[in-house]
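Subject: A structure for you to explore

Hi there,

Here is the structure I promised to pass on. Have a look around first, and then read my notes below.

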Amino acid sequence: MSSSLEKNMLILRSSDGEEFIVPEVVAVMSKAIKNMVEDECASNTIPVPNVDANILAMVIEFCKKHDESEAEAASDLKTFDSEFVNRGQEALYDLITAANFRDVKELLDALCQNVAEMIKGKSVHHIRIQFLGYQLFEILTSNFIWNIWCDRDFD
Amino acid sequence: MYSHSWKEATMANQERNTEATDDAMSSSSDYNLSLPMDIIVDIFNRLPVKSLVRFRCVCKTFRHLISNPTFIASHLLHHRTPTTATIFTFKRRTTTSLSLLRSPSSSQNPVNLVHPWSNHTRNLQLIGSINGLLCLCLRLSNHPLHFHRRIILLLWNPATKLFKSLPSPTFQIPPTFFHLSLGFGFGFHSTTSSSDYKVVRIVSFNLRIRVEVYSAISNCWREIRGMDLHFYLHKLSCEAIVNGAPYWLLATPSNHCFRFTWFDVQNEAFVMLPGLDFSGFYIGTLVHWKLMDWKDNAAVVVLCPGNPFFDVWMIEDRCGGESNWCKKFVIGPVLGVEQFWVLQCTKNGEILVAEAGGRIFLYNPRNGDTKDIPIHGVPFEAFHYVESLVTPDVHFHKDLELNSLDNMQIVMAQEEEFKLEIPDKEADKIDSCFLAIE
């Protein structure tokens with residue numbers, strides 16, 4: 001089963017039309033794609049809507065590494081993961097959306113862990129700006145009492 | 001005047017916003033990072049309690065999420081194995097202090113926990129620690145004859161700093177009893193349908209035993225009857241807590257034979273363990289022993305004075321349904337120490353050892369290393385501890401899984417039952433038995 005799978009190649013098409021040729025073992029690390037393949041509703045080309053080429057390339061890179069290094073030491077993989085997810089916030093956000101939408105569990109795990117590390121020591125102000133975005137932050141801070149409350153140090 | 005100050009404050013805030021945005025962020029000032037809820041839950045599950053307590057103030061959604069019982073349970077599950085610590089109490093001449101030793105402990109020194117009753121430090125005793133909730137016993141009276149009176153029991157979560165004092169037990173001890181001993185135990189059970197924290201109170205007087213159980217859900221004490229056990233209560237807390245069940249020693253005539261019993265928290269009954277008889281193994285009468293939680297198993301650690309090794313006895317199931325104690329490991333030698341006793345085995349396999357001279361150290365049985373813990377005093381109790389968001393107040397909806405409609409129906413039922421009217425505003429707040437009774 002697995003040997004026949006390895007020869008199979010799948011084409012993933014990103015939202016902006018770029019196509020990636022990926023071995024099926026790598027592609028099925030995404031549960032969503034795996035389901036499509038198993039139900040045989042996938043032709044050779046699988047469209048991956050709302051994930052652009054840039055992000056899709058990253059996701060494929062991650063899956064490839066994980067597929068290759070199954071036998072490798074877990075610590076190596078860990079360092080790769082932590083380096084891989086160490087990106088700017090926008091890329092991180094896009095990656096999370098992609099991983100969540102495509103259901104790539106390992107990637108989602110690594111990403112969530114990274115975000116957790118990022119925000120662990122941050123103050124309430126930081127979280128409002130970074131995590132919730134500026135607009136919501138403005139709405140919240142227009143509330144005077146809320147602000148006084150939040151300016152207190154809760155540690 | 002009011003509007004003026006409002007405006008001023010808003011403007012000041014906006015200034016601060018831009019400042020904060022500038023130094024915190026590079027590009028994404030208008031970038032709205034709205035993640036799906038399940039991702040936020042996933043991220044929050046990985047955060048330490050300290051951060052979550054702070055993030056409750058970020059917005060209403062976060063606050064709601066972080067105080068949600070389902071989230072609290074999943075957060076606890078996520079943190080139970082990797083980050084456990086040991087909590088232990090120290091008696092000095094005038095004070096009792098609670099110390100927290102985080103594991104992996106090789107890098108960190110123990111932290112002193114600051115509790116809200118610092119003026120009663122002398123008479124504070126730790127009864128147990130389960131899922132981040134500590135059960136403490138506070139004695140307000142120092143008189144040796146009245147030691148059992150004016151005892152306050154508290155449930156306290158040091159991570160969220162929430163605490164709750166338990167109601168007074170139903171069975172009060174008359175002031176003239178002698179030959180009296182008192183023991184407490186802290187237990188927890190969890191099934192798919194319900195979970196509850198319980199405190200067991202054992203009063204032994206004139207060779208009679210009375211046992212009461214406090215349940216956090218019903219917030220009251222209830223006596224359980226039909227018991228004929230002779231507890232050997234030499235301290236207020238139980239011997240050990242293993243998998244949420246408190247263990248006690250029973251009185252036996254022999255010095256080398258022990259019988260233990262544990263409290264089945266769900267069914268509220270005592271279960272006997274087979275007798276542990278090691279009279280053939282050790283020569284001499286002076287043997288130190290301690291019952292402890294050895295990686296989620298009940299184990300008795302036995303030490304002979306002068307011997308650098310110690311034995312770990314555990315219960316082994318034999319075929320035919322019988323189980324018996326047997327000597328599982330010999331650990332040691334603990335070098336460079338004359339006389340020592342074992343306090344606790346941490347979850348990562350290190351052993352907390354106290355030397356007769358007052359030195360406390362961690363012993364690693366794998367390579368024989370010892371590491372001093374810079375604390376002085378006589379160590380007393382040691383329990384496993386895990387930081388959690390568990391609240392000492394258990395609410396209706398946690399266990400009955402009620403929504404607001406059900407809550408409303410309960411309020412209406414109460415109104416009918418007691419022939420009184422409850423205003424809507426108050427009704428919303430009624431979410432625990434305690435409030436409902438009021």
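Strands of a sheet pair through backbone hydrogen bonds, either parallel or antiparallel. Please also keep in mind that this is a predicted model.

**How confident is the prediction?**

The model scores ipTM 0.73 and pTM 0.73. For chain B the mean pLDDT is 74, with 72% of its residues at 70 or more. Which elements of chain B have the lowest and the highest mean pLDDT? Helix α1 (residues 2-24) of chain B has the lowest, 41, while strand β13 (residues 245-250) of chain B has the highest, 90. The pLDDT is below 50 over residues 1-33 of chain B, a stretch with 42 contacts in the model beyond near neighbours in sequence. Residues 396-405 of chain B also stay under 50, and there the model has 19 contacts beyond four places in sequence. Please read those two stretches with care.

**A sheet in chain B: β8 to β11**

Let's start with an open sheet of 4 strands in chain B, which has the order β8-β9-β10-β11 and antiparallel pairing. Its edge strands are β8 (180-190) and β11 (220-224) of chain B, and each of them pairs on one side only. From one strand to the next, the twist averages 25 degrees.

You can walk through this sheet pair by pair:

- β8(B) and β9(B) run antiparallel and are joined by 11 bridges. B:S190 stands opposite B:S195 in β9(B), and a hairpin of 4 residues links β8(B) to β9(B).
- β9(B) and β10(B) are antiparallel too, with 8 bridges between them. Here B:V200 stands opposite B:V213 in β10(B). The hairpin of β9(B) and β10(B) has 2 residues between the strands, and B:N206 takes a positive phi near 45 degrees in it.
- β10 (residues 208-215) of chain B and β11(B) run antiparallel and share 5 bridges. The bridge partner of B:Y214 is B:W221 in β11(B).

Is β9(B) buried or exposed? Of its 11 residues, 11 are buried, so β9(B) is largely enclosed by the rest of the structure. Both faces of β9(B) are covered: B:Y197, B:V199 and B:V203 are among the buried residues on one side, and B:K198, B:V200 and B:I202 are among those on the other.

**Aromatic pairs**

A pair of aromatic rings is described by the distance of the centres and the angle of the planes. Over all chains, the count comes to 17 aromatic pairs. I picked two for you to find.

One is the edge-to-face pair of B:F44 and B:F71, at 6.4 Å centre to centre with 65 degrees between the planes. Why does this pair tie together parts that are 27 residues apart in sequence? B:F44 lies in helix α2 (residues 37-45) of chain B and B:F71 in helix α5 (residues 69-80) of chain B, so the pair links those parts. B:F44 is buried, with a relative accessible area of 0%, and B:F71 counts as buried at 3%.

The other is a stacked pair, B:F186 and B:Y197, with 6.1 Å between the centres and 25 degrees between the planes. B:F186 sits in strand β8 of chain B and B:Y197 in strand β9 (residues 195-205) of chain B, so this pair ties together parts that are 11 residues apart in sequence. B:F186 is buried at 0% relative accessible area, and B:Y197 is buried at 3%.

B:F44 and B:F71 also belong to one aromatic cluster with B:F55 and B:F62.

**Nonpolar cores**

The largest nonpolar core has 117 residues. Which residues have the most contacts inside it? They are B:F44, B:F186 and B:F270. A second, separate core has 19 residues, including B:L273, B:F278, B:V287 and B:V302.

**Another sheet in chain B**

Chain B also has an open sheet of 4 strands in the order β17-β18-β19-β20, with antiparallel pairing. β17 (288-294) and β20 (323-331) of chain B stand at the edges with a single partner strand each, so one side of each is left without a neighbour in the sheet. The twist in this sheet averages 30 degrees from one strand to the next. Strand β19 (residues 310-317) of chain B and β20(B) run antiparallel and are joined by 8 bridges, and B:D311 stands opposite B:V330 in β20(B).

**And chain A**

Chain A has 10 helices and 3 strands. Of its 155 residues, 41% are buried.

Enjoy exploring!

Notes
Residues are numbered from 1 along each chain as its sequence is written. Chains are lettered from A and ligands numbered from 1 in the order in which they are written. This is a predicted model: local features need pLDDT of at least 70, side-chain atom pairs count only at pLDDT 80 or more; totals for chains, interfaces and linings use all residues. Side-chain values use heavy atoms; hydrogens and water are left out. Two strands pair if DSSP finds at least two bridges between them. Axes are lines fitted to C-alpha atoms, for helices over the stretch in contact, and angles run from 0 to 180 degrees between N-to-C directions. pLDDT is the predictor's confidence in each residue, from 0 to 100. Contact means heavy atoms within 4.5 Å. Rings of Phe, Tyr and Trp (its six-membered ring) pair if their centres lie within 6.5 Å; planes under 30 degrees apart count as stacked, over 60 as edge-to-face and the rest as tilted. Buried means under 20% relative accessible area, exposed over 50%, partly exposed in between (1.4 Å probe, protein chains only). A nonpolar core is a set of buried Ala, Val, Leu, Ile, Met, Phe, Trp, Tyr and Cys residues joined through side-chain atoms within 4.5 Å.
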